[in-house]
Amino acid sequence: MFNAVIITGPGFQDHDVVYTYYRLKEEGYNVDIATKEGKPVIGKYNVPLPMDKTAKPNMPFSALSVDRYDVVILTGGHEAPERVRQDKTVLAFVKAMDEAGKIVAGLCHGPWIMISAKVLKGRKVCSYVGIVDDMINSGADVVDAEVIVDGNIITCSYYGYVGKFMRAVFAAVEANAARNPSSSTIAA
């Protein structure tokens, strides 16, 4: 079983979190959702986190650990990533995941967190139209695409492409585990 964490906050894009959460669960991943201090939050269309009665409580950012996860998913909804990108613990975690070669994946406004963690310089990415200038200013090579995979970095330009995004995430995590079996949490 692979381990994933979705990092978000109040005002998240409901489509992003609902789809990625249940697709990860469907593929057999152990999924955590991290919010500031592990507090329950509400999406912009009123979906609550924790999402259902089977979901674990949200975990605090302070519990994020690179050794614990194979992939981090950074979802959109401009309010949530704008708040999350201001948290130094999250930025250090995202940077450490990148440095460890683990999968760092963001969609819509989620890559704002990647920008603030300084993991996009020199990387090929795609971007939601509203943050193209931010992506360019971070030093990323922005191309017009639905989903881009550049090594361990995956970006998606719009939640309408989240199916393609998740297929890319699953393929990248499995390829990463095959290349680096000792770094995967699958044996943990």
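Guide: Welcome! This is a predicted model, where local features need pLDDT of at least 70, side-chain atom pairs count only at pLDDT 80 or more, and totals for chains, interfaces and linings use all residues. Residues are numbered from 1 along each chain as its sequence is written, and side-chain values use heavy atoms, with hydrogens and water left out.

Visitor: Why is Thr8 called buried?

Guide: Buried means under 20% relative accessible area, exposed over 50% and partly exposed in between (1.4 Å probe, protein chains only). Thr8 has a relative accessibility of 1%, so the residue counts as buried. Its contacts (heavy atoms within 4.5 Å) beyond four places in sequence include Val17, Ile33 and Phe61.

Visitor: What makes Tyr158 and Tyr159 a stacked pair?

Guide: Rings of Phe, Tyr and Trp (its six-membered ring) pair if their centres lie within 6.5 Å; planes under 30 degrees apart count as stacked, over 60 as edge-to-face and the rest as tilted. Here the centres are 4.8 Å apart and the planes at 25°, so the pair is stacked.

Visitor: Are Tyr29 and Tyr158 buried or partly exposed, and why?

Guide: Tyr29 has a relative accessible area of 5%, so Tyr29 is buried. Tyr158 has 36%, so Tyr158 is partly exposed.
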